[in-house]
Amino acid sequence: MTDQGVRRTVDQVPATACDAASDRSREPVPGGADEPTNGGAGAELTASAPPVSPAALRRAERRAERITAGATELEQRLADLLRGGLITAEQSGPALWEETAARMVDAQAPGLAHRARELGALAGAGADAPVRLLEECALLHLLARAWLRRDHLPEPLAATVRTRVGLTASPDGPAIRDEWLALAQYDTSDSRLTTRRIWLYGAASGRTALLLSYGAAGRAPDLTLPAGLALDAELTPYPGAGQPRMALTERFAPPAATAVRPPGTTTSGALARYGAALRDDPWRESVPVTLDRVVPVPDGDDWQLADADEEHALPVGAAARNRPALWRLVALSGGAPVRVFGECGPRGFTPLAAWPQGPGEAVALC
């Protein structure tokens with residue numbers, strides 16, 4: 001495999017993911033756009049919950065009405081922005097989007113507020129800022145329109161939309177008992193909250209699950225599962241199309257060492273998986289993927305994970321390139337193929353854990 005071949009396929013990454021999503025989007029969707037579902041305003045907070053009191057239903061209806069008003073206002077703001085040109089947003093900087101986010105907070109739609117703040121961070125952020133700003137505006141527009149037409153969506157997609165705008169949901173069985181291998185664990189923080197993400201793989205079910213745990217700002221969450229350990233436990237999925245998040249409902253034994261590894265795929269298989277996930281959830285930023293027999297190779301100032309047996313590769317994401325763990329991955333490989341678990345998205349692959357080709361424990365990369 002030549003470096004030239006690797007670089008050529010990296011340029012094809014966005015197109016490959018889009019092609020995969022396009023192929024899936026041609027398939028018929030059960031309960032299409034003209035077929036209403038039971039996701040009406042009164043069900044916004046109770047789609048996956050037991051029956052609730054009339055007072056709770058009235059509160060849910062009022063909140064749904066506020067979110068609808070906020071989504072309608074957001075649609076108008078986006079239309080005004082595009083009529084005036086994206087240069088207006090760049091000149092205004094984050095202030096424009098902070099004000100929009102505040103309006104969405106007033107509408108009790110924290111998901112819309114979060115995405116609006118992210119647009120503010122993109123304004124003037126590099127040469128590709130206008131392109132990325134347009135992409136994110138389109139996704140925000142899609143989310144607002146999906147909320148306004150949620151009654152016409154298939155229920156799994158409607159559940160995803162409710163989650164994306166910021167409505168909470170309860171885990172919705174059936175519960176899955178398995179030997180869950182801890183693939184990776186990492187924290188993200190803001191001024192109010194520390195969020196811990198733990199990726200798990202079920203040895204028997206073949207499911208990949210995401211556990212979320214929270215702590216106050218500056219304090220680590222209680223739940224800890226180091227990579228490489230296995231937990232005999234029962235997990236319950238959350239509602240939503242293609243939703244990987246689950247809740248840890250019961251443990252049957254303490255975490256223990258294991259030789260189990262998740263099965264891997266190729267870099268082209270990873271792109272196909274991401275493209276397919278976009279059909280269920282167009283707002284997915286990444287999907288969990290295990291790559292098998294890949295080699296970390298330099299590409300100028302950047303890095304790639306290249307298939308050892310094919311002339312394809314994925315770029316390593318910008319955030320991962322700045323971590324010392326990248327050099328840990330390079331040292332583990334030593335030029336030989338390795339198995340790598342991480343998150344695959346439109347701007348590359350973020351390695352989170354790796355295993356040598358032969359016997360050996362998982363190496364945490366986050």
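Colleague: Where does Arg 339 lie?

Modeller: Arg 339 lies in strand β10. Keep in mind that this is a predicted model.

Colleague: Is Arg 339 buried or exposed?

Modeller: Buried. The relative accessible area of Arg 339 is 18%. The cut-off for buried is under 20%, so Arg 339 counts as buried.

Colleague: Which side chain does Arg 339 join through a polar contact?

Modeller: That of Asp 292. The polar contact between the two side chains is 3.2 Å.

Colleague: What else does Arg 339 touch, leaving out residues up to four places away in sequence?

Modeller: The list includes Arg 261, Pro 262, Pro 263 and Gly 264. Thr 290 and Leu 291 are also among them.

Colleague: New topic, aromatics. How many aromatic pairs does a search of the whole structure find?

Modeller: The search finds 2. One of them is Trp 199 with Phe 341, with ring centres 6.2 Å apart.

Colleague: Why is the pair of Trp 199 and Phe 341 called edge-to-face?

Modeller: Look at the angle. The ring planes are at 65°. Planes over 60 degrees apart count as edge-to-face, so this pair gets that label.

Colleague: Where do Trp 199 and Phe 341 sit in the chain?

Modeller: Trp 199 is in strand β2, residues 193-202. Phe 341 is in strand β10, residues 338-345. They are 142 residues apart, and the pair links distant parts of the chain.

Colleague: Are Trp 199 and Phe 341 buried or exposed?

Modeller: Both are buried.

Colleague: And what about the rings of Trp 303 and Trp 327?

Modeller: Their centres are 5.5 Å apart. Their planes are at 85°, so this pair is edge-to-face.

Colleague: Which parts does the pair of Trp 303 and Trp 327 tie together?

Modeller: A strand and a helix. Trp 303 lies in strand β8, residues 302-307. Trp 327 lies in helix α11, residues 325-333. Those parts are 24 residues apart in sequence.

Colleague: Buried or exposed, for Trp 303 and Trp 327?

Modeller: Trp 303 is buried, at 13% relative accessible area. Trp 327 is exposed, at 53%. Exposed needs over 50%, so Trp 327 qualifies.

Colleague: Which ring does the charged end of Arg 150 sit over?

Modeller: The ring of Trp 147. The charged end of Arg 150 is 3.9 Å from the ring centre. There is also Arg 245, with its charged end over the ring of Tyr 238. The distance to that ring centre is 4.1 Å.

Colleague: On to cysteines. How many disulfides does a search of the whole structure find?

Modeller: The count is 0. Cys 137 is buried, with a relative accessible area of 5%. Cys 366 is partly exposed, at 37%.

Colleague: Where is Ala 259 found?

Modeller: In the loop between β6 (256-257) and α9 (267-280). Ala 259 is exposed, with a relative accessible area of 77%. The C-alpha atoms of Ala 259 and Pro 359 are separated by 8.5 Å. Along the chain, those two are 100 residues apart.

Colleague: Zooming out, how many helices and strands does the protein have?

Modeller: It has 11 helices and 12 strands. Of the 366 residues in the protein, 42% are buried.

Colleague: What is the accessible surface of the protein?

Modeller: About 17,600 Å². Carbon and sulfur atoms account for 53% of that surface.

How values were computed:
Residues numbered from 1 in each chain as written. Predicted model: local features only at pLDDT ≥ 70, side-chain atom pairs only at ≥ 80, totals over all residues. Heavy atoms only, no water. Phe/Tyr/Trp six-rings, centres within 6.5 Å; stacked < 30°, edge-to-face > 60°. Helix = DSSP H or I, 4+ residues; strand = E, 2+ residues; numbered from the N terminus. Buried < 20%, exposed > 50% of the residue type's maximum accessible area, 1.4 Å probe, protein only. Lys NZ or Arg CZ within 6 Å of the ring centre and 35° of its normal. Disulfide = S-S within 2.5 Å. Areas by Shrake-Rupley, 256 points an atom, 1.4 Å probe, with all protein chains shown as cover. Polar contact = N/O pair within 3.5 Å; in protein donor to acceptor, adjacent residues only side chain to side chain. Contact = heavy atoms within 4.5 Å.
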